Amino acid sequence: MALDIVVLAAGQGKRMHSSLPKVLHKVAGRPMLAHVLETARALSPGQILVVHGHGGDDVRSAFAAMDVTWIEQAEQLGTGHALMQALPSVKPRDDVLVLYGDVPLIRAETLRALIEARDCGLAILTAELSDPAGYGRIVRDAQGRVARIVEEKDASAEERASREVNVGFLIAQAGRLAGWLASVKNRNAQQEYYLTDVVRLASAEGINVATCRPTDAWEVWGVNSRHELALVERAYQNAAAKRLLEAGVTLADLWRIDVRGDLRCGNDVSIDVNCVFEGKVTLGDRVHIGPNCVLRNVTIAADTEVHAFSQLEEAQIGARCRVGPYARLRPGAVLDEDVHVGNFVEVKASRLGAHSKANHLSYIGDAEVGRSVNIGAGTITCNYDGATKHRTVIGDECFIGSDATLVAPVTLARGSYIGAGSTICKDTPADQLTVARATQVTVPGWKPPRKK
Ligand code: UD1
Ligand code: MG
């Protein structure tokens, strides 16, 4: 039978105190809704419908590229009302799995188990939480069967004491859900049409309400406040750290790493504290990342060391390189093998050939640097004339003295030796010393100024 997935994402999220729609708040660098949609997609449903409302245009445009059906809920009258808006777009005989846009960490395996548990009636996902505050509670009858769900605001003290909570996800046939929802009323503390009321209606009809639990409780944590968002972020990061450790990566502290994307590691990689990985990052065998580094869309080959406080973005780094401390690699930086880029060196849209070194205080932009080049401290490629960027070409085995300025476009032939402090505006010949600076003079008869 066909399965459709409805994601409820219309709520404002009042408790977030934010002008951003709640489902656009980020976990691991991506909107919560992106996580839910990715998991939904993994189940290969017939269609995914997203109920949006508050800040709907922002939500839609954030996911413009996604193949989903958008359903507008103009007024947010509750989760039951939200689902009702979507059901006309679903065939009555199809199964509908309801997910929430503010419960982002749910795993596809858990949802597969929920789908299995349904057994032609209604299945709900529940969890046993040490702190159930804020969640709807599962109420069971004397035989232990699910009788209904009571929202915390409507619950008696005894019901509140229960730690078995409603996650909010359920699965049933669309036609049945529509039938139950037609008789849901909004006579409750929040004057909302609660989706949770379908549980009471189903069980009153004698339908078995199956329950299913997640493997890890954090999968079902919902986000209604900044505090809960922070807790969900930590749960995500801790799970990511655990996966890295299990795969053989050494983490100096499993609580102090942030993975906001896809981090792939070879054998015996080690990562010191407070590093942030964004986008797609690939670390080769035995790569070491020092403390406080930020890496975004970076590939690093084996045995390279990145030292503390380096920021690397859209860069490709070869084997056995030494980068940092305090290095900055910007988009288009390519380091071949055994390259050293030291402290306060910035590299942008440039390639550094094998065994080349820029160890201190340099800017290398729009440059092609050959093999075994030594770039002295303070060397600058002047790549910008105020209108256009120009290239600097430095041949193999060049030696650039400290504090040289290379005014692009300029080409330094293989083995050029540039005197310290030179301003190089013209191409230089191979294997010769070129010096371009004022000649040093000592002024005869000079006297120091005296106070009158
Ligand atoms: C809901 C459940 C509660 C459960 C909790 C789990 C109900 C009545 N309560 O409470 O039992 O323990 O989730 O996280 O269902 N939404 C809409 N339209 C609306 C209202 C909400 O699309 O009119 C969406 C929200 O964007 C959100 C989801 O539905 O993604 C849940 O709504 P929320 O207001 O957060 O419900 P909770 O109070 O968390
Ligand atoms: Mg919620």
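These are my notebook entries on what I looked up in the predicted model above.

**Ground rules.** I number residues from 1 along each chain as its sequence is written, with chains lettered from A and ligands numbered from 1 in the order in which they are written. Because the model is predicted, local features need pLDDT of at least 70 and side-chain atom pairs count only at pLDDT 80 or more, while totals for chains, interfaces and linings use all residues, and side-chain values use heavy atoms, with hydrogens and water left out.

**The sheet.** I traced an open sheet of 11 strands with parallel pairing, in the order β12-β14-β16-β19-β22-β25-β28-β31-β34-β37-β39; strands (E, at least two residues) and helices (H or I, at least four) are DSSP runs numbered from the N terminus, and two strands pair if DSSP finds at least two bridges between them. β12 (250-251) and β39 (433-434) are the edge strands, and each has a single partner, so one side of each lacks a neighbour in the sheet. Within the sheet I checked β28 (residues 357-360) against β31 (residues 374-375), which pair in the parallel sense over two bridges, and found Asn374 of β31 to be the bridge partner of Lys357.

**The metal.** Which residues coordinate the magnesium ion (ligand 2)? I found Asp102 (OD) and Asn224 (OD1), at 2.4 Å, where donors are N, O and S atoms within 2.8 Å of the metal (3.2 Å for Na, K and Ca) and the site may look incomplete, water not being among the atoms. Asp102 comes from the loop between β6 (95-100) and α4 (108-117) and Asn224 from the loop between β11 (209-212) and α8 (226-246), 122 residues apart. Both are buried, that is, under 20% relative accessible area, with exposed meaning over 50% and partly exposed in between (1.4 Å probe, protein chains only).

**Helix α3 and Val96.** In α3 (residues 79-86) I listed Gly80, His81, Ala82, Leu83 and Ala86 as buried, and their cover includes β1 (3-8), β4 (47-52), β5 (69-72), β6 and α6 (174-182). Val96 lies in β6 and is buried, with a relative accessible area of 0%. Leaving aside neighbours within four places in sequence, its contacts include Leu83, Asp4, Val6 and Leu177, contact meaning heavy atoms within 4.5 Å.

**Salt bridges.** I looked for side-chain nitrogens of Lys or Arg within 4 Å of a carboxyl oxygen of Asp or Glu, and the count comes to 26 salt bridges. Arg118 and Asp95 form one, with the closest N and O atoms 3.2 Å apart; Arg118 sits in the loop between α4 and β7 (122-128) and Asp95 in strand β6, 23 residues apart. Arg118 counts as buried because its relative accessibility is 13%, and Asp95 counts as buried at 8%.

Another joins Arg320 and Glu337, the closest N and O atoms being 2.3 Å apart, and it links the loop between β21 (316-317) and β22 (322-323) to the loop between β24 (334-335) and β25 (340-343), 17 residues apart. Here Arg320 is partly exposed at 44% relative accessibility, and Glu337 is partly exposed with a relative accessible area of 34%. Elsewhere, salt bridges that share partners join Glu128, Arg140, Glu164 and Arg213 into one network.
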